[in-house]
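Hello,

Here is the structure you were expecting. Please open it first, then read my notes below.

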Amino acid sequence: MSNDDITLTAGDAEVIVQPGNGGRVGGLRVGGVELLRQGERFGCFPMVPWCGRIRDGRFRDGASVHQMPLNSPPHAIHGTVRDGAWRTARVTADEAVITYDLVEPWPYPGRVTQVVALAEDALTLTMSVETYDSSFPAQIGWHPWFNRNLGQEDVRLDFDPAWQEERGEDHLPTGNRLDPKPGPWDDCFGMPDGVDVTLTWPGQLELKVASREKWVVVYDEQEAAVCVEPQTGPPNGLNTLPRLVTPLEPLEAATTWTWRRL
């Protein structure tokens, strides 16, 4: 099938899936109001096969050291799949399944599958990375850009992390865990019981970002948008906390956004 944009609808919710633009969700409208920042780099893009920054773009797998392109010098950031065109595998009125085969510069063959499922009051994104060949370390995450303002008051963020990863001058976690500090943030937080972050646009909408994963990066240093990024490990995690994809065991993760009118 083609990689044209896909429109999903359920109730008064509408989602635009963009296989040809990195497999991202290009828009989420609820009652005609767009929740995601618009633009080809924004929306909500998948972070695979790593999340956030890799120090100096290098990661070790056993005895091998692999160098990724430094797309955020001096680091490599947010994986490779957001730069590629995905293929559409299956579409219904409220669900799309898209796939991406990992290619250079990623050194291992593998396939990423993302399922985008829309309900009247929720959007669920599910992703898996599988291999039929050699095992490799990987991460899965999502990078949504939620509009800071929907026409009235700015969004409020509420969450209760167990810790905040200390951020070094190179923007990467040092390995130390701190008591959570007030924002603004470009920081990774630990939520051992699962990611649970509430965005509230007062008088308009409440949206909960949930995931069984234990890590979330919150980025709210830009004026236009705030990012709440559930992921399977911290930034630089290919080096510090790798999750292994094997022929017998894919890496899988999901996030659900649930909303209600206020």
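Two strands pair here if DSSP finds at least two bridges between them. Strands (E, at least two residues) are DSSP runs, numbered from the N terminus. The model is predicted, so local features need pLDDT of at least 70 and side-chain atom pairs count only at pLDDT 80 or more, while totals for chains, interfaces and linings use all residues. Residues are numbered from 1 along each chain as its sequence is written, and side-chain values use heavy atoms, without hydrogens or water.

Start with the hairpin of E20 and E21. It has 3 residues between the strands, and Gly 203 takes a positive phi near 75 degrees. E20 (residues 195-201) pairs with E21 in the antiparallel sense over 7 bridges. Thr 198 stands opposite Lys 208 in E21.

E21 also runs antiparallel to E25 (residues 251-261), joined by 6 bridges. There, Val 209 has Trp 257 in E25 as its bridge partner. In E21 (residues 205-211), 5 of the 7 residues are buried (under 20% relative accessible area, 1.4 Å probe, protein chains only).

Next, Gln 139. This residue sits in the loop between E14 (136-138) and E15 (141-147). Is Gln 139 buried or exposed? Gln 139 is buried, with a relative accessible area of 1%. The Gln 139 side chain has a polar atom 3.0 Å from the backbone nitrogen of Cys 51.

Best wishes

How values were computed:
Buried < 20%, exposed > 50% of the residue type's maximum accessible area, 1.4 Å probe, protein only. Helix = DSSP H or I, 4+ residues; strand = E, 2+ residues; numbered from the N terminus. Polar contact = N/O pair within 3.5 Å; in protein donor to acceptor, adjacent residues only side chain to side chain.
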